[in-house]
Amino acid sequence: MHIPDGFLPPTVAIAGYAITGGATWFSVRQIRQDSDPTANIPKAALLTAAFFVASLIHIPIPPSSIHLVLNGLMGIILGYYAFPAILIGLFFQAVMFGHGGISSLGVNTAMMGIPALLAYYGFWWSQRGKRTPPLWRKISVFLAGGGALLLSAATFVIITITTIPPELNADLERNAIYASLIGYSIQALIEGSFTVMVIVFLERVKPEVLKVSEP
Amino acid sequence: MRYLLLGVLTCVPVLAGMGEAVAHGSNIEYRQTEAIQITAKYDSGTPMGEAQVTVYSPDDPATPWVQGVTDEQGNFTFVPDPDQRGNWEVKVRQSGHGDIISIPLEEQEAETASTSESATITQATTNTTGYSPLQKGVMAVVGVWGCVGTALFFLRKKGE
């Protein structure tokens, strides 16, 4: 779901950078309000590594293959740290592996980072009660993990459909994009399930990892 | 003389009929030329079948020079204009994914091709990074180690 270099009009690429710049500033400002802003950096660094490597692990889903994005998981565990972590992960993916691009880094970060923040808000909103039943907790984790991916995929589809260059066969490209939506739906189910597995595992093994400040 | 004229007149429809017969026939000409074949694949190795290809010439990189669609194996072949030397940009796109590759067509190659009169097929893939799986693995380990090192650094600071 990484938009490569040269596929976006300059206005869209610049708008993406503007949104990413604003969201990064907002996230860092929120992080600085923590009592110890560096306390969550080890956690953020390790999840950045997971995010960075996840793009290299391909899961074959016909007609092509997918790779996990993990933005929902990052949002739940990292909170506001998720956005800068995704920005750094995407930068290294673009520079080292050519996944995405430097000109499209702003758009790609906004596309994956803002749903991560929304997953964080959504998860906290669902847990606002005194004690939430374990099943409801799992469902909300699944919805946050899968929903973040679906939101990113929807943004990707909207951006790519609205920026099809006039020289291309728009119908052929549009049909290919619609066909890819099936793959993204399956990916959302996988991401949601994977997020639930990780969160349940961490709750049992190291529950303090999941303690991030409330939004 | 009368017989000669009759002979000429009878020949005309026969010749006309022959002309029509030639028009219905087939004619195949060939010339050897310099072609560029690209192979587009996803990172997983799956071919990008039926992806849209747009080729831009070095002289006019803003206007598509030729367009087409890859075959099921992700292959697309085009014959560049031998007079236009420089970087031919090839963009392959499918469902918002794809890549752009720059294929240099050097002056020297043109001389070689014209003197030896042999066809040159240049092969290239859309993998812009061009790294082997081992190189990618090493880079991934380096990237992960950078993140782990950052985590360890901040943990150490916290422990002091």
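These legends describe close-up views of a predicted model.

Residues are numbered from 1 along each chain as its sequence is written, chains are lettered from A and ligands numbered from 1 in the order in which they are written. Local features need pLDDT of at least 70, side-chain atom pairs count only at pLDDT 80 or more, totals for chains, interfaces and linings use all residues, and side-chain values use heavy atoms, with hydrogens and water left out.

**View 1. The second largest pocket, with a volume of about 680 Å³.**
A pocket is an open set of points on a 1 Å grid over the protein atoms alone, where a 1.4 Å probe fits, with protein on both sides within 12 Å along at least five of seven lines. Grid points are joined across faces, edges and corners, and the volume is the space filled by probe spheres set on the points. Lining residues have an atom within 4 Å of a point. This pocket has 26 of them; A:K43, A:L46, A:L47, A:I77 and A:V209 are the closest to its centre. At least two lining residues each come from α2 (41–54), α3 (71–78) and α7 (170–205) of chain A and from α3 (133–159) of chain B. Helices are DSSP runs (H or I, at least four residues), as are strands (E, at least two), numbered from the N terminus. α2(A) gives the largest share of the lining, seven residues. By class, the lining has 18 nonpolar, two polar and six charged residues. Ala, Val, Leu, Ile, Met, Phe, Trp, Tyr, Cys and Pro count as nonpolar, Asp, Glu, Lys and Arg as charged, and the others, Gly among them, as polar.

**View 2. Packing of α4 (residues 82–97) against α5 (residues 105–126) in chain A.**
The two helices pack at about 145°, with axes 9 Å apart. Axes are lines fitted to C-alpha atoms, for helices over the stretch in contact; angles run from 0 to 180 degrees between N-to-C directions. The crossing of α4(A) and α5(A) is right-handed (the near helix is turned clockwise from the far one by less than a right angle). α4(A) contributes A:A82, A:F83, A:I86, A:L87, A:L90 and A:F91 to the contact, which means heavy atoms within 4.5 Å. Residues from α5(A) include A:L105, A:N108, A:M112 and A:L117. The contact holds 12 nonpolar, three polar and no charged residues.

**View 3. An open four-stranded sheet in chain B, ordered β3-β2-β5-β6.**
Pairing is antiparallel; two strands pair if DSSP finds at least two bridges between them. β3 (64–69) and β6 (97–105) are at the edges with a single partner strand each, so one side of each lacks a neighbour in the sheet. Neighbouring strands are turned by 15° on average, direction ignored. α7(A) packs on the sheet and touches β2, β3, β5 and β6 of chain B. Its direction makes about 55° with that of β5(B).

**View 4. Strand pairs around β5 (residues 86–94) of chain B.**
β2 (residues 52–56) pairs with β5(B) over five bridges. B:V53 stands opposite B:V92, and B:Q52 opposite B:R93. β5(B) and β6(B) pair over nine bridges. Here B:V90 has B:I101 as its bridge partner.

Phi of B:E50 is near 55°.
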